[in-house]
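Open the model in your viewer and get ready to select. We will take one chain, then the place where it meets its neighbour.

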Amino acid sequence: MRRSKFLYVPFWATYVFLYLPIAVLVVMSFNAGRSPYTYEGFSLKWYGELAADERVATGLVNTLIVATGSTAIATVLGTLLAVGLARYTRSKTLDALALMPAVLPDLVLAIGLLVFYGMIQLTLGLYSVTLSHALFSMAFVAAVVRTRLSNADASLEEASRDLGAGPVITFMKITLPQLAPGILAGALLAFTLSLDEFVIAFFTIGNAEPTLPIVIYSMIRFGVTPKINALAAILLLVSFTAVIAGQRMTKIGERGSRAQD
Amino acid sequence: MSRIRFTRRLPAAVAVAGLALAVAACGGESSTSSAGTTAAKADDLKPNADLSQQSLQVTVWDGYTPKELPEKVKEKLKVKDMKIALHATNEEAMQKLTASGDSGIDVAFVSGQYAQALNEQGLLEPIHAELIPNLANLYPEATQLSYDKGNKYSVPYTWGTTGICYRSDLAKTPVTSWNDLLKPPAWADKKVTMMTTERWLALPALKALGYSVNTDKDDEIAKAKELLLAAKPHLLGYDDTTFGEKLKSGEAAMVEAWDGWCPTSEKNVKFVVPKEGSDLWVDTMVIMKTSKNKEAAHALINYILDPEIHSWAAANINYKVPNKPAMEKVQVPEGSLLGIKPAELLNGESIIDLGQASTKYTRLSTEITAQS
Amino acid sequence: MKSEAKARPAPRPRGRRLGAFVFLSPGLTYLVVLLLAPLALVLSYGVFQRGRFGGVVYEFTTENFTRLIDPLYLGVVAGSLKIAGLTTLIALLVGYPTAYVIAQLPPKWKTIALVAVVLPFWTNFIIRVYAWIILLSGPGLVNSGLEALGLGPYELLYNQGAIVTGLLYSYLPLMVLPLYSAIERLDPQLREASANLGASGFTTFRKITLPLTVPGVLTGCLFVFVPSFGNFVIPEILGGNKSIMVGNLIRDQFLKARDWPFGATLTLALIAVLIVLLIAQAWAARRA
């Protein structure tokens, strides 16, 4: 097969484009000077300053609280919803409805929720962000679990029901074990999406201590500081490790399930 | 114990009686104000309330109050807790305060015209002067501010004016007029920033044309719009928060700035109030009506008005405070902006909220930014 | 009730209703309360008036909708369409060859290349945008590089080019992934057959590969266009507030102007544009 060499130009351009800013962030995080533009020698002092920054620390804690809470809600509701949609209805409308929070722009969700919380006079805080994040996370969990469901063997469930088991028992004994990897994948997706979510959190947090993305946003609005570079480098390290570990895990999981078959 | 209680209660009781009289006296005048305005209910607050049952939630600009303030407040006022949330701009604060019924905030720091807007919406608790004896520290000028004469619902924290902050080492021509900003000379071309908050965005043009910053006349706003549109191609950007940084790094050479935000501590940075005049801005402290800790909120404001605390802003972040004994505590270096006297400040025109007409400024700011 | 049950061709299996209730009701309740009710509220706010100092006055008006066709706001919408459209176009032009090359790589490299496309996506969105301030600003890296080559300095930051760059950087992976899966699914024999019949590489691409990957192209375009169109962070951080997009306009109605009814109306307009796009995409996909 002929492969045109000129296709490699945009290919490599894409990767340079994607990684150049990241490389700059990481390099500048070790900058001894204060200038964000000129490198003046190696230093770890920005990491020290970052560690001493209470706002970043509380932001991180808040982000983890929101991500954990919303993932818990979204995983339960999303899994049930996926099973319900796949096994107990054929409604296309309900399918679309379940996907809507994932498809709508974040700004639309944020405005809707802000107006709604205002209407019911809810005092905004971390829990309103958690509830809001659970909304779109649920859609993602449901979508991931459904893919898994469509591959799962429905005849087992039917057999279970024929033998007189109710829907709940069937779900617990038959469906859930089959779905476990899908649920885990959905939960992981929900968790990472919540960690990074800014727009909805920004609109629905009220005056509570902010989540990390909001902290970063206000740091940037007050100017460029190498502290942000240090934070960026750490976040990069964490997410790179997580993604690579996730890859490894799915590979092992795949091998395991293949062995089972 | 009981003796202490008694002596504490007595002056408070006198003050309450005095306030009741004052309210009764003022009652007749304010009959024309909108339905949102609320009359003080003197029986609401207990001067000797147990503050250890109250927690404070404050929202303020980053770096605007001493870092150790919450600790000190907890120690001195014996409140249960005090937390500080930050906002980057007035607009962000307004979103927090108006987004839901109970924002959970007790005390907010916002600029004068925003305090006025909040009050017109009925969101503010009237200031119970008897709970804030340190109000006596304010300059007399600071009780006659046009957005809130008599400090009925807001207490001034800092004040100052808006002008041009520039790099004297890059300047090849003198900077004296708003027109220097709007029609920048070659050395500042594309190195100018103006503010994004709509009323301050309009200010340079309105003043250059000799209009009031509070004008609601369509033809005057239209003329200002032309000037601002003509200026846009010569700007680096619109910036409310990082213009000082940009000036320091040399990305910008001339910026519209609030006096306290102009980094005059740097060698080559100068501030000028243009000859056409400018505004008098006031950042205020307000108490939210929804607050469940109003006694503690008053105690906090009283504590901040203590010269010891209030002078911090002047000594550390270069903001003038409308507090006479506090200003007297501060060493004012030669040529420092802190030296501007209250009377001079009052030459500036206070920006007041224009109610329905404020949409004209929103539209103006959209028209400016939408133009490409 | 009885007659209704009789009318059904076959009685539902046992527990079906219970199952539907158990599984569907929690999620659907959540969707009704936190998605449909808020959207309905946004819809209804459009016909009310702005309170004098913010908030909503429940008096009927059509003014918000007439304001929509004001050239000022139409201009902002058109400008956003332009910026989001340009971003999508560039993403497609760069993303297609990238996805194409990835699809041809040996399996091991394929995985690595794919993960490498997605990796930056898992770091904080705002930090990714912030990186471009460092790169593009006056004394920034790109200008230093250009100066070393005897060029520039150019004004790279705080303009529409910077906005497009930031959007492209943020959403390019969303273009590459659907394109990759569309190209990957192609039967390589089709291309080989075309080549054996004497068609040039380009002809094969034009006649075989491209038409068969149109659904992927459409999905990718939608994935890039939708978040770009409603974005307000990137125009603010990289655009220096000099140009605004629909997202900024909506945000400003809630944050600055305190005009919730008009903000709600603009949100509806945003949804309307996206619905039109979705329908167009579905229609185009069916034709392809």
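Residues are numbered from 1 along each chain as its sequence is written, and chains are lettered from A in the order in which they are written. Local features need pLDDT of at least 70, side-chain atom pairs count only at pLDDT 80 or more, totals for chains, interfaces and linings use all residues, and side-chain values use heavy atoms, without hydrogens and water.

Select residues 1–43 of chain B. Here pLDDT stays under 50. Where pLDDT is low, the predicted coordinates should not be read in detail.

The contact (heavy atoms within 4.5 Å) takes 34 residues from chain B and 25 residues from chain C. Buried area is the accessible area (1.4 Å probe) that two parts lose on being put together, summed over both. Between chain B and chain C it is about 2,600 Å², and carbon and sulfur atoms give 56% of that. Click E91(B), R363(B) and T366(B): in chain B they lose the most area to chain C, together 17% of what that side buries.

Next, zoom in on K190(B) and E155(C). They form a salt bridge (a side-chain nitrogen of Lys or Arg within 4 Å of a carboxyl oxygen of Asp or Glu), with the closest N and O atoms 3.3 Å apart. The rule finds 2 salt bridges across this interface of chain B and chain C.

Key
pLDDT = per-residue confidence, 0-100.
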